[in-house]
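Me: I am new to this structure. Please show it, and then let me ask about it.

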There are 2 protein chains.
Amino acid sequence: MSVQERKERERAGRERLIVATARELAEQQGWDAVTTRRLAERIEYSQPVLYSHFRGKREIIGAVALEGATEMATTLRAATSAADGPRTRVTALARAYLGFAERNPAVYDAMFQLDGGLAFADEDTPEPLKDAFGALLETLGEVAGDGVHPGLFTELFWAALHGLATLTRAGRLPSGDAERRVELLVDRLAML
Amino acid sequence: MSVQERKERERAGRERLIVATARELAEQQGWDAVTTRRLAERIEYSQPVLYSHFRGKREIIGAVALEGATEMATTLRAATSAADGPRTRVTALARAYLGFAERNPAVYDAMFQLDGGLAFADEDTPEPLKDAFGALLETLGEVAGDGVHPGLFTELFWAALHGLATLTRAGRLPSGDAERRVELLVDRLAML
DNA sequence: TCGATTGTCTAGCGGTGCTAGGATCGAATC
DNA sequence: GATTCGATCCTAGCACCGCTAGACAATCGA
């Protein structure tokens with residue numbers, strides 16, 4: 001029995017290696033460079049091994065996305081818990097969100113830009129994604145304002161953050177004014 | 001001389017055909033289905049002909065994006081000019097923007113999600129893109145509020161719209177509440 | 001020790017974007 | 001009108017992609 005357990009441990013370890021390597025490669029050279037051949041070479045196995053862990057490249061992207069969602073939730077909660085007062089908290093949340101997207105562009109892409117085969121806004125949405133949204137909701141729900149549904153408000157605020165993150169990174173928005181846009185966003189959207 | 005002119009006309013016509021066909025194919029089956037082979041087959045020429053008009057697939061996407069930007073600018077101006085009063089105008093603008101993105105998902109992707117090799121937020125940004133932003137600025141500039149730079153405000157509002165458009169279409173936001181999110185966005189961001 | 005099972009690899013399929021080089025066609029010249 | 005010659009277009013092929021069938025070796029249970 002212990003032999004089987006060891007094998008399962010090794011297998012799980014290799015799966016983590018695949019996901020970590022895919023993420024690393026994507027952050028270094030972009031997702032276009034993450035081909036099954038290169039990925040296989042980096043983990044020092046042949047290509048078909050990848051398919052014994054994942055159905056295909058899409059699922060690998062999905063795995064990176066889930067890992068990213070867990071990290072993002074942690075990052076957001078850490079940022080908000082260190083702030084007191086609604087306004088400071090919301091600003092810290094927004095900065096943390098945009099900072100995460102900027103520091104982990106490939107992970108952010110896996111979560112929101114690429115097709116990782118994940119369900120969203122659905123009952124069978126994976127837990128890490130629901131939790132990341134939950135982290136937003138915890139802080140934003142209390143500044144939604146009277147008569148405004150907290151979930152709806154969070155969705156809008158999130159969309160604004162997402163727009164800022166993607167447009168800034170794609171070079172569509174000048175990056176110098178990022179901080180001023182955040183302040184304006186918090187000032188206007190949040191009811192303080 | 002007239003022979004040469006005829007040839008140039010034919011050449012220009014074929015170039016328009018390529019762009020229109022690429023757009024059509026992308027709207028019908030998604031950008032993944034727009035391969036150089038399929039595109040060549042549809043226009044009834046061989047693959048290399050595409051490369052005598054464009055450097056590569058990226059430039060074709062870019063051409064669709066520019067065409068889309070011109071259309072979007074027209075759409076936005078038409079929507080706002082039919083509305084009187086700042087509030088009505090801003091709401092009409094937001095609805096028109098999201099409607100355009102919903103009706104032309106492939107074109108919207110070409111403009112903002114895919115790499116069309118276009119410059120942004122730059123001095124050598126193509127005119128149609130600057131003009132589309134200008135169409136936003138015309139309406140949004142007058143509701144930026146005192147002491148807020150109109151351009152900065154427009155960037156923020158645009159980012160929010162972009163976030164709503166992309167997250168909604170990717171299934172990340174429930175599409176039923178779209179209208180309520182627009183109203184909340186206008187209520188909060190615009191200074192009326 | 002031997003058969004069965006599991007795990008991994010080599011090789012290859014049909015597809016991609018892109019290009020070199022030859023064929024063809026039409027315009028200009030004699 | 002025949003002939004040259006340059007522009008135009010196509011066939012064929014490159015290297016790479018995601019993915020998989022089938023051979024092979026290592027390991028396990030009897």
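Me: How many Å separate the centres of domain 1 and domain 2 of chain A?
Reply: This is a predicted model, in which local features need pLDDT of at least 70, side-chain atom pairs count only at pLDDT 80 or more, and totals for chains, interfaces and linings use all residues. Residues are numbered from 1 along each chain as its sequence is written, with chains lettered from A and ligands numbered from 1 in the order in which they are written. Domain 1 of chain A is 1–53 and domain 2 is 56–189, with bounds from an automatic or database domain assignment. Taken over C-alpha atoms, their centres are separated by 28 Å.

Me: Which helix gives the largest share of the side of domain 1 of chain A that touches domain 2?
Reply: The contact (C-beta atoms, placed from the backbone, within 7 Å) takes 9 residues from domain 1 of chain A and 10 residues from domain 2 of chain A. Helices are DSSP runs (H or I, at least four residues), numbered from the N terminus. The largest share on the domain 1 side, 6 residues, comes from helix H1 (residues 2–29) of chain A.

Me: Which helix supplies the largest share of the side of chain A that touches chain B?
Reply: 24 residues of chain A are in contact with 24 residues of chain B. Helix H8 (150–169) and helix H9 (178–189) of chain A each supply at least two residues of the chain A side. The largest share, 10 residues, comes from H8(A).

Me: Which residues of chain B is Ala160(A) in contact with?
Reply: Neighbours within four places in sequence are left aside here. Within chain A, the contacts of Ala160(A) are Leu185(A) and Leu189(A). In chain B, they are Ala159(B), Ala160(B) and Gly163(B).

Conventions:
Contact = placed C-beta atoms within 7 Å.
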